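Here is a short walk through one protein model, written for reading alongside the sequence and the 3D view. Keep both open as you go.

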Amino acid sequence: MSDTIFLKDNLSGAVPTEIAQEVIKNVIGQASILKVCKHETMLSDKKTMPKLTDSGSASWVGEGESIETTLPKFEYPQLKACKLAVIVPVTREKIDDTLINVMDEVKQAMADAFATAIDKAMIFGENSPFETNLISAINTQKIVATSNLDKDISNAMGLVEDNKYNCTNILMGTAQKRVLRELANSNSYKGAISLSSAYETPIDFVRNWDNTKSLAITGDFSKAIVGTRDGMTYEILKEATIESGGETINLAQRDMIAIKATIRLGFLVADPKAFSMVVSE
């Protein structure tokens with residue numbers, strides 16, 4: 001049963017719905033990859049995602065002629081759910097507060113930690129448990145940056161379009177905002193480039209972007225799939241020793257408690273040909 005009354009009475013359970021929904025809303029608002037990808041609910045640890053690789057062909061036939069049959073071909077990549085967890089220490093005095101009050105104080109810290117880990121893992125493969133990430137999936141389908149960001153983005157979109165996909169979104173770091181403002185103010189790009197879109201394709205800015213790996217990623221993000229296995233759960237730690245910012249904290253000695261929250265997500269780049277990127281070299 002969800003703990004919605006007192007923190008001191010129940011030390012584990014499901015995060016109350018109203019708190020979990022707000023944390024998850026904040027995570028989605030801060031983790032750019034979650035805003036643009038296709039979402040799937042997972043009923044088990046793994047979910048098979050059939051992918052059509054060849055639709056077969058139709059043929060013109062004359063009256064009385066036999067109709068040739070070609071079968072479509074499929075691949076069967078899998079989403080695999082992995083656990084993501086965060087621990088937020090709080091003072092022990094809060095042990096007599098309601099869970100709602102405690103969670104209200106730490107929910108933004110939880111959202112920040114979750115969002116950062118999700119973007120880094122799914123986009124760049126940093127500390128990732130997943131078999132795929134956008135950077136490694138894109139591989140050689142990239143444009144080397146020039147002094148014209150607008151042309152670089154257009155050429156990257158062209159690589160995706162050459163593979164018969166349409167670009168639905170563009171991801172980049174906030175460092176590119178300065179360049180986009182200059183382009184948006186130029187008479188040559190009025191209406192084509194802005195801080196929110198490029199060539200009618202929405203731009204999402206990732207806070208924890210790594211410019212050394214990519215300056216921009218674009219593609220058909222329906223081909224990148226996020227799976228959700230479980231809702232958010234929590235556990236109260238009273239006597240554990242935890243690591244925080246390189247510091248070891250003994251909760252009992254510090255007269256503190258900690259809230260550990262977990263969610264289980266999967267990630268899969270279903271078709272790498274649907275993506276491309278701009279790189280610095």
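Buried means under 20% relative accessible area and exposed means over 50%, with partly exposed in between (1.4 Å probe, protein chains only). At 47% relative accessibility, Asn 139 therefore counts as partly exposed.

## About the model

This is a predicted model, in which local features need pLDDT of at least 70 and side-chain atom pairs count only at pLDDT 80 or more, while totals for chains, interfaces and linings use all residues. Residues are numbered from 1 along each chain as its sequence is written, and side-chain values use heavy atoms, with hydrogens and water left out.

Helices (H or I, at least four residues) and strands (E, at least two) are DSSP runs, numbered from the N terminus.

## Two asparagines with positive phi

Asn 139 has a positive phi of about 55° although it is not a glycine. Asn 139 sits in the loop between α4 and β8 (142-144).

Asn 127 is another residue other than glycine with a positive phi, here near 50°. Its place is the loop between α3 and α4, and Asn 127 is exposed, with a relative accessible area of 74%.

## The largest pocket

Rolling a probe the size of a water molecule over the atoms shows where empty space is left. The search runs on a 1 Å grid over the protein atoms alone: a cavity is a set of points where a 1.4 Å probe fits but cannot get out, and a pocket is an open set with protein on both sides within 12 Å along at least five of seven lines. Lining residues have an atom within 4 Å of a point. Grid points are joined across faces, edges and corners, and a volume is the space filled by probe spheres set on the points.

The largest pocket has a volume of about 230 Å³ and is lined by 14 residues. Nearest its centre lie Leu 84, Ala 117, Ile 118, Ala 121 and Asn 127. Which elements each supply at least two residues of this lining? They are β7 (82-91) and α3 (99-124), and α3 gives the largest share, five residues. By class, the lining has nine nonpolar, two polar and three charged residues. Here Ala, Val, Leu, Ile, Met, Phe, Trp, Tyr, Cys and Pro count as nonpolar, Asp, Glu, Lys and Arg as charged, and the others, Gly among them, as polar.

## Salt bridges

A salt bridge is a side-chain nitrogen of Lys or Arg within 4 Å of a carboxyl oxygen of Asp or Glu. The structure holds nine of them. One joins the side chains of Asp 204 and Lys 35 (3.8 Å, N to O). Asp 204 lies in strand β11 (residues 201-206) and Lys 35 in helix α2 (residues 32-36), so this pair ties together parts that are 169 residues apart in sequence. Asp 204 is buried, at 14% relative accessible area, whereas Lys 35 is partly exposed at 43%.

Glu 131 forms a salt bridge with Lys 80, the closest N and O atoms being 2.7 Å apart. Because Glu 131 lies in the loop between α3 and α4 (134-138) and Lys 80 in strand β6 (residues 78-80), the pair ties together parts that are 51 residues apart in sequence. Glu 131 counts as exposed at 64% relative accessibility, and Lys 80 as partly exposed at 31%. Elsewhere, salt bridges that share partners join Lys 38, Glu 40 and Lys 47 into one network. Within it, the side chains of Lys 47 and Glu 40 meet at 2.9 Å, N to O.

## A buried charge without a partner

Asp 119, in helix α3, is buried yet has no salt bridge. How far away is the nearest side chain of opposite charge? That side chain belongs to Arg 207, 6.6 Å away.

Contact means heavy atoms within 4.5 Å. Leaving aside neighbours within four places in sequence, Asp 119 is in contact with Gln 30, Ala 31, Ser 32, Ile 33, Phe 124 and Val 206.

## Contacts across the sequence

Ala 224 belongs to strand β13 (residues 224-237) and is buried, with a relative accessible area of 0%. Ala 224 and Cys 37 are 187 residues apart in sequence and 5.5 Å apart in space, C-alpha to C-alpha.

Terms used. Lys, Arg positive; Asp, Glu negative; His and termini not counted.
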